[in-house]
Amino acid sequence: MKTNNPETASGTEPPSALVRISFNDILIILIVCLVTGLLILMPRYTSIDPMKVLFYEKNAGIIAFLGLCLYAVMAKRIRNPMWLMLTAAFFLVPALYINLLPSDSSNQALILSCIHLPLMLWCVYGIVYTDFEFNNIQKRVDFIKHNGDLAILGALLVLAGIALAGFTIALFSSIDMKIEKFYSEYIALWGAMAAPAVTAFIIRHYPKLTSKIAPLIATLFSPLVLLTLLVYLAAVLFAGKNPYTDRDFLIMFNLMLIGVMAIVVFSITERSGERRVKFNEYILFALVVVTLITDLVALSAIFYRLGEFGITANRIAVLGSNLLILGNIVLITIDLFRVTFHNESLDRVTLTTARYLPLYFLWTVVVVFGFPMIF
């Protein structure tokens, strides 16, 4: 991969503050921001009623990941016609399909399709990011690490954007100009769609911004997440909450499970290749064991509700997702046991996670395209 980061005469990399960004680099990110902005604001200059056709629910994820993939294609200077057509098809087909479905906000299958569509396109972004060499396990590992960097820097940009929005609105309010509606409907919406590509742009040209922060966050967050999870589960017992009969609680339980799973994968990936610290390995192993137990409880509750209340699109989607996560957690637990108690390399856990990614992609394809047909 070509880089615009010039080396100094001594052969060492210059400080990130001195990295040169060419006019072409700026032009690429401006084009991507323009495209994503024009697409998300389409209802503003057309006759489309966004509420009636569920425009944002159906298309926001498509536009955000289109911006990411478009930036990757342009920044990497991908010219292979087959790859370009394949990338276009990855977005055109789902966009046509999801927008041709009836816009019924009460339809479970449609809502599930809208939720899983960004996850499917995240996998598509992985294919583009790895230069269409998704079978290359090391490139998958790099992609997982890249997502950790995106999450960290993206969160910082979102916080900065919120602060800027509050400051701007307050300034105009001081002169009796109410711009809240305009700002939220135009500036904030445009910024939200362009943010992923802008984040990727910053990471590409200033990699040192996150290369040191990500492992530190992983080290700090793992014990905090483990402690929080243990306290939460204990509080659940005392509060008398029951995932078998309380649907809303089961939903939150599963969201918590997905969040913890993401943190586990992020922590393992960011620590791969770093100096080994036995305490961190014990923390990670304890965290995956607690996550495994949590997933088994959630699965038993899902099976109970399927038997008690029957089959619905929501229950099948949650069941499939939990089974998929269970398989991943079991493999990670086995690998982490070998790492923690038999001193094997942490890299094996990262490779296991990378090999598991295609299963997530296949499941999202089933939900996006299959569920509206089946249900």
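A charge is said to sit over a ring if NZ of Lys or CZ of Arg is within 6 Å of the ring centre and within 35 degrees of the ring normal. In this predicted model, the charged end of Lys76 sits over the ring of Tyr129, 5.0 Å from its centre. Another such arrangement involves Arg44, which lies over the face of Tyr186 at 5.6 Å from the ring centre.

## Tyr129 and its aromatic partners

Tyr129 is found in helix α5, and with a relative accessible area of 21% this tyrosine is partly exposed. When neighbours within four places in sequence are left aside, Tyr129 is in contact with Lys76, Asp142, Phe143 and His146. The C-alpha atoms of Tyr129 and Val73 are separated by 8.2 Å, although the two residues are 56 residues apart along the chain.

A pair of aromatic rings is described by the distance of the centres and the angle of the planes. A search of the whole structure finds 16 aromatic pairs. One of them joins Tyr125 and Tyr129, whose ring centres are 6.0 Å apart and whose planes stand at 55 degrees, so the pair is tilted. Both tyrosines belong to helix α5 (residues 108–129), where they are 4 residues apart, about one turn of the helix. Tyr125 is buried, with a relative accessible area of 2%, whereas Tyr129 is partly exposed.

The rings of Tyr129 and Phe143 also form a tilted pair, because their planes meet at 45 degrees while their centres are 5.8 Å apart. This pair links distant parts of the chain, with Tyr129 in helix α5 and Phe143 in helix α6 (residues 137–173), 14 residues apart. Phe143 counts as buried, at 1% relative accessibility. Taken together, Trp122, Tyr125, Tyr129 and Phe143 form one aromatic cluster.

In soluble globular proteins, nonpolar side chains tend to be buried together. Here the largest nonpolar core has 79 residues, and those with the most contacts inside it are Tyr71, Leu121, Tyr125, Ile268, Ile332 and Leu336. Helix α11 (residues 278–309) contributes the largest share of this core, 12 residues.

Ile268 is in contact with Leu284, Ile332, Leu336, Leu346, Val349 and Thr350, leaving aside its neighbours within four places in sequence. A second, separate core of 9 residues includes Leu112, Ala313, Tyr356 and Phe371.

Helix α13 (residues 347–374) has 28 residues and reaches 40 Å from its first C-alpha to its last, close to the 40 Å expected at 1.5 Å a residue.

Another proline, Pro358, lies in helix α13 and counts as partly exposed, at 26% relative accessibility. Pro358 touches Phe134 and Arg140, not counting residues up to four places away in sequence. Pro358 and Phe134 are 224 residues apart in sequence, yet their C-alpha atoms are 9.0 Å apart in space.

## Loops on either side of helix α6

Phe132 has its place in the loop between α5 and α6, and shows a positive phi of about 60 degrees although it is not a glycine. Asp176, which lies in the loop between α6 and α7 (180–205), likewise has a positive phi, near 60 degrees, in a residue other than glycine. The accessibility of these two residues is set out below, together with that of Phe172, which lies in helix α6.

| Residue | Relative accessible area | Class |
|---|---|---|
| Phe132 | 16% | buried |
| Phe172 | 33% | partly exposed |
| Asp176 | 69% | exposed |

The cut-offs behind these classes are under 20% for buried and over 50% for exposed; Phe132, at 16%, therefore counts as buried, and Asp176, at 69%, as exposed. Phe172 touches Met177 and Ile179, not counting residues up to four places away in sequence.

Notes. Residues are numbered from 1 along each chain as its sequence is written. This is a predicted model: local features need pLDDT of at least 70, side-chain atom pairs count only at pLDDT 80 or more; totals for chains, interfaces and linings use all residues. Side-chain values use heavy atoms; hydrogens and water are left out. Rings of Phe, Tyr and Trp (its six-membered ring) pair if their centres lie within 6.5 Å; planes under 30 degrees apart count as stacked, over 60 as edge-to-face and the rest as tilted. Buried means under 20% relative accessible area, exposed over 50%, partly exposed in between (1.4 Å probe, protein chains only). A nonpolar core is a set of buried Ala, Val, Leu, Ile, Met, Phe, Trp, Tyr and Cys residues joined through side-chain atoms within 4.5 Å. Contact means heavy atoms within 4.5 Å. The expected span of a helix is 1.5 Å times one less than its number of residues.
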